[in-house]
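Hi everyone, thanks for coming. Let me put the sequence and structure up, and then we'll walk through a few points together.

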Amino acid sequence: MTAHADTLAQTRQFAGGRRNIAGPSADTLRVWPLLILLIALFDLPLLFTLGLSLYGKNGFTLAHYAELLNTPAYLGVMASTLRVSLIATLVNALVGYPLAYWITGLDPRRRGIALACVLLPFWVSILVRTYAWIVVLGNGGLVNRLLQWGGVVDEPISFLYSEVGVTIGMTNVLLPFLVLPLYATMMRIDGRLTQAASSLGASSWTVFWRVFFPLTVPTLAASSLLVFMLSLGFYVTPAILGGGKVAMAGNLLDSLINQIPRWEMAAALAAVLLVITLAIYFAYARLGRWSRA
Amino acid sequence: MSSIRLENLGKSYAGVQAVRGVDLTVADGEFFTILGPSGSGKTTLLTLIAGLAMPTEGRILFGDRDVTHVPTVGRGIGLVFQNYALFPHMTVFDNVAFPLSVRKKKRAEIEDRVQEALSLVRLTGFEKRKPSQMSGGQQQRVALARAIVFRPTILLLDEPLGALDRKLREELQVELKELQRSLRVTTLLVTHDQEEALSLSDRLLVIDKGTVQQIAPPREAYLRPANSFVADFLGISNFVPLDGGKGVVRPERLQVELIGEHGSRGPSVTAPNATGRVREAVYLGQVVRLHVTLDDGGELIAAVSPAGPAALAQSGDAVAVSWQREHVWPLEATRSGAEAARRAAFHK
Amino acid sequence: MKRRDFAIGAPFVIAAATLGSGSVLAQPKVIRMVESGGKSGESIEVAYIKPFTAKTGVRVSREAPNPLGKLRAMVGSGNVSAALFELGSPSLAQAKALGLLDKLDWAAIDPLPIFPEARDDYGMGFQYFSTVMAWRADAKAPATWADFFDVDRFPGKRALPDYPHYLLQFALIGDGVSADKVFPLDVDRAFRKLETVKKSVSVWWKAGTQPPQLLKDNEVRYAISWSTRIVDEPTLRFTYDQGMYDISWLTVPKGVEPAEKALAMKLLHEVTVPENQVRATEIIKLSGNSVDLERLVGAEKFATFPTATKNKASQFRQDAEWWRINGEAVNKRWETFKLAL
């Protein structure tokens, strides 16, 4: 996937590794049943959703999309969703990258503990995790009680029920998706690259920014993209930690499907979100190719 | 250019002594090799000199400058690794330019010196390639160009040719030697390959179990090894009796004569040192290697010219093996006062 | 049109062929029910399913949650796997309009006496719940919605539902509309009223567990909440005055196997038995549909339940049909309002 991986593969080849045999083989054929299953399970429902958004009483229509574009509230919700997801992704990257870097520097035992801590949220239900933040950051929560007890503030600070709360909550939930791939990539980076760089006269700062960081950029970009896409679908965390003030598409979809119910509008909204996500993905893929060329 | 001096250098990791008591002076412009099997401490020695690890005892001096506690970045050494350690996200040009650009050199100067370095390693025209688009030999030449482009006073090579196939390795050995000679940079090569060590070095150091075994020019180390470890490590050794003790003689110093069906031998004058039968004859092109089982049960390996009569020997043939006394080098127990005399004789 | 039918139908046909093929005339050993889960589901299990299974030998498997979307997908696919489906009153109205339900066979149910509003052609109201005003015991107690929405005389943060269905009515009453004239809703006026309080709202809640927790944590001093969440909280207060009662319904999805439907009717009979309902009240503080429940439980003990005579009289009823017609338009207003917060 990355230039670095290419080099590794090459190194292995020269070290006596076997070249992959090009062209179709029995292995390729064996992939088909799984591929068909995947298409049936994941892609067909997606196509039906798309179909739903394009059909009205008289067959094909763009009326649902027209309505979507003419409803400022729905556009506003989409804009808000994109903005919140973008912020959550940025904060995730800003927190996750140093965290992953820090973990790679630990001894194996501590590394294990640190990784377990990062993974911990995976083992706890999203609802429990989200409520845990209320216990920590609420008006009567740990942080505020400490601040008041220490005389730092008189009135509790409201961390929650705002975009700040949503960002904190989403970062917590999504952090593993960023930290784990980054950690794996960082561990794979040959220590000799940084040793070579510093022997060639580069300061630690230069070694990091010119050698280490660029090698992690493809993973950082890919996992940020993943976090961003997951953020778009977030529902529970914004609803609870955002105090209902942070509009997310997931909420709107829920009411369009279960309350109103207008599936075709929900389908149109989902399709637009999908297109935006795909556009970002292709932009990323293109950028990746361009930077490698 | 700069000399390297190690004084009583030692390093232990978590109580395990990886290297101890190394005293060494590498002369300005010398091509010096550290040779040893894996786990011998040779790589530890290199990391200490490179500043990638700090010694637990002793001192390191480059010229008159004590660099014992100077980190890698301040040592001004060119470092080349076995796996090339090229920056995969940079082009060949950017890789080679790296040491210059971190030194904030002007663009024009960088251009000139990168071109110069690339032409030295014969890679002109490859500037825009990525390392992944090059062969192993080319990549290692890029690594070499990158290590010399900023004109370091010392070049450290850590098994630089180890990942290459034999033919390429031999080609690069020649290039490396030429390059080193033209740059006159003090060069320290770490390798486990004794042929490489013998062919490239002005002098070499043999290390085992963290302790220096011998420091000598290749020819001396080969012909007059300090102990049986060095003898064995540097090539095939035949251990023969000498003055009531043991001596070592190299296979190419043995003369082998076929004994005819009637016990007849060629026109040799002297009596053979031993007789036996060929167990195996291995044709290697430049030489034929004969494994001889002696009548007394001992074993000798001789390398004979494929053009000579002994090359016709086949397994089972009776042979006479002889050697000259001055080609036998006495080992530890045997060596005594006679050693100094022999050494003097050897050098004259 | 044809293409759409094919496109939507294809996977469902396959699914139906594999999953729904076991249709036989023999009586099923188990029927499925989709309900809202939690304590409510537990009360259904203990109070109604247990006696039903004892009498018929048929087990009932419960599944939660119960969004309308699930019912719509089930009926749309032709793979009707559940004999009973719990719906809130707005969902019931939607489901009826979308033709997702089978008529109940009230003769087969043969119900014991129940409140008239709990009897619908397409559903049996089985659970009464109330939306009420609640506050911390240490806060100044409001008596009316006018008090509740008066942030000057009753200062403190509020937690309001993130559902216009359970909010706009109270805003209108707070603005002076009388409770019996609140429907049809004057939507503009309701939003104008909300504008005056929105700065004091720290949470628009989505889950029923939020308001009691927010009150207890002193995140807010006043909240609109489901009554059942507040009843047992010693540090919280609430009133049924000017509250709104609503009904949860049990319905039969269209296209269910007749044998399963017949069993469902028998289960619905159990739902009308007051003695069974008493058992339900021991698990959740919500009323069943029996007119005899208050007598059986005892007036004093029943005083905290939504259908206690006094409570029912002081509340007004949700108008699901109004929401069915106006829900989408209100929702767009709602999203607009929320975006400007």
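How many of the nine residues of helix H1 (residues 42-50) of chain B are buried? Before I answer, some housekeeping: this is a predicted model, where local features need pLDDT of at least 70, side-chain atom pairs count only at pLDDT 80 or more, and totals for chains, interfaces and linings use all residues. Residues are numbered from 1 along each chain as its sequence is written, chains are lettered from A and ligands numbered from 1 in the order in which they are written, and side-chain values use heavy atoms, leaving out hydrogens and water.

Now, H1(B): eight of its nine residues are buried, so the helix is largely enclosed by the rest of the structure. Buried here means under 20% relative accessible area, with a 1.4 Å probe and protein chains only. Among those buried residues are Lys42(B), Leu45(B), Leu46(B) and Ile49(B). Just after H1(B) comes Gly51(B), with a positive phi of about 85°.

On to chain C. Its secondary structure comes to 16 helices and 11 strands, taken as DSSP runs: H or I of at least four residues for helices, E of at least two for strands, numbered from the N terminus. The radius of gyration of chain C is 21 Å, close to the 20 Å from the globule rule for 341 residues, so chain C is as compact as a globular protein of that length. That radius is taken over C-alpha atoms, and the rule is 2.2 Å times the number of residues to the power 0.38. Along the principal axes, the C-alpha atoms of chain C fill a box of roughly 65 × 55 × 35 Å. Of its 341 residues, 55% count as buried.

Key. Buried means under 20% relative accessible area, exposed over 50%, partly exposed in between (1.4 Å probe, protein chains only).
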